[in-house]
Amino acid sequence: MLTNEENDLLTRVTGDAPMAQLMRQHWTPVCLLEEVAENDGKPLRVEVLGESYVAFRDTKGRLGMLDELCPHRKASLVYGRNEDCGLRCLYHGWKMDVDGNVVAMSSEPEGSPLKDKVKARAYPVREWGGFVWAWLGPVEETPEFDPPSFAPTNDTPIAILKIRVPANWAQIHEGQIDSAHSSSLHSSDMKPARVEGAAADDKAWYRPSTDKSPRMQTQTTSYGFHYAAIRKPIKNAASHNYLRVTEFVAPYYSLIPPNNNYNVASVIVPINDEETAFHFIAWGDRGTPSTEEWRRFNHAVPGEDVDHKWRPKRTLENDFLQDREAMKAGNFTGVQGIPNQDIVMWVSMGPRVNRSTDVLGASDLAIVEFRRLMVDAARKVEAGGTAIGTGPDRVPQARIASCEGVYPKEVDWRTLVANEGAKAAE
């Protein structure tokens, strides 16, 4: 458990909160590329870390992100006209380009010097791996963009689903790095089978183990930590272990052990203290599904499962549309879709869980590590230090990889994950 002060350090992500300062020292995935795909298309409100911005693609296809409110009288630019290489405020016709330059002031006299004295704040952006990434720190401190592990190249096959979850970022991360829960919560979708390693088809995921009580081991890294969930395999249980190694790359994403067809990752970005943009990703060069197939498999289809703002149609108020008859017939949760099952748990905790009263067990070792690591990282930033993953000992993200498989008991998972990281960087 954490103290109330530690829980605040972990969960507060708005304003000048230490965790918000930490996150602003990283490139932040602020929206999906598909949300700003159209030249002169509808401007997009971007909400992250308690702030609101506007993203737009101009006539020439250039992407820009500005503060949402017009520098003139603070009307929202989300409702502006995106035309002729600029975003024009409806209120008085002031127009800004992707760099924040004011290129027109309809309400001011011709030749007014004010146009050259005003500039909207523009944020550096990069388009990569299906996301728009923005640098939210001081522009003069903008670092080189380091591609994430789940998109080592900009043409890496990738499928992303997005859900806006009414829960704090930390309880969602804790769910993603919790390997033990999958054997219960997801047992109707992650099925024990006599396979050589994790496998997947369009119906379910399969694992070579019936063991619901994994032994956990963790190791801190310069970018976060990795841990192994060690289970008894179905075959050769006396001589082998089934290993699943998860990587937490602070502060935004986790690499989940792959299957025979694709790799898996989750990207978790705070909207504010009580809402989070959750992204679940399939990627890689083997058999990555299309975006449509991925969203259908996970029951996260826009217009059916989430609305046009990515809010889920399964809510606390409608009991997440849980099907009790399906449960009687053998479905463990009565909720379709792996992410939706997780969301029931995250949201049912309340928007920001009180960690001073929870009870942790042996299977929660990764949760303990996450809390310790990120509370200490927030304190370091609060004291004026650098954010985790940004110091001179940082590891290029291309060298980080999760892994899984059945191995002889003498195999050290730490050596295994190091070898996988080296292969990923080749």
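Predicted model: local features only at pLDDT ≥ 70, side-chain atom pairs only at ≥ 80, totals over all residues.
Local features were considered at pLDDT of at least 70 and side-chain atom pairs only at pLDDT 80 or more, whereas totals for chains, interfaces and linings use all residues. Residues are numbered from 1 along each chain as its sequence is written, and side-chain values rest on heavy atoms, with hydrogens and water left out.

Strands and helices are DSSP runs numbered from the N terminus (E, at least two residues, for strands; H or I, at least four, for helices), and two strands are taken to pair if DSSP finds at least two bridges between them. Strand β18 (residues 253-256) runs antiparallel to β19 and is joined to it by four bridges, with Y253 standing opposite V267 in β19; the two strands form a hairpin with six residues between them. Strand β19 (residues 263-272) is in turn joined to β20 by nine bridges, again in antiparallel orientation, and here the hairpin passes through two residues, N272 having E275 of β20 as its bridge partner. Nine of the 10 residues of β19 are buried, so this strand is largely enclosed by the rest of the structure; buried denotes a relative accessible area under 20%, exposed over 50% and partly exposed in between, for a 1.4 Å probe and protein chains only.

Within strand β20 (residues 275-283) lies H279, which is buried with a relative accessible area of 2%. Leaving aside neighbours within four places in sequence, H279 is in contact with L32, F131, I160, L161, K162, A265, S266, V267 and V269, contact meaning heavy atoms within 4.5 Å.

One cavity of 30 Å³ or more was found, a cavity being a set of points on a 1 Å grid over the protein atoms alone where a 1.4 Å probe fits but cannot get out, with lining residues having an atom within 4 Å of a point. The volume of the largest cavity is about 280 Å³, this being the space filled by probe spheres set on points joined across faces, edges and corners. Of the 26 residues in its lining, M190, W205, R207, R244 and I256 are the closest to the centre, and the elements that give two or more residues to the lining are α3 (169-176), β14 (205-207), β17 (240-249), β20 and α7 (338-348).

Helix α3 is mostly covered, with eight of its eight residues buried. The N-terminal end of α3 is capped by N168, a side-chain oxygen of which lies 2.9 Å from the backbone nitrogen of A170.

How values were computed
1 Å grid on protein atoms, 1.4 Å probe; cavity = no way out; pocket = protein on both sides within 12 Å on 5 of 7 lines; lining within 4 Å. Polar contact = N/O pair within 3.5 Å; in protein donor to acceptor, adjacent residues only side chain to side chain.
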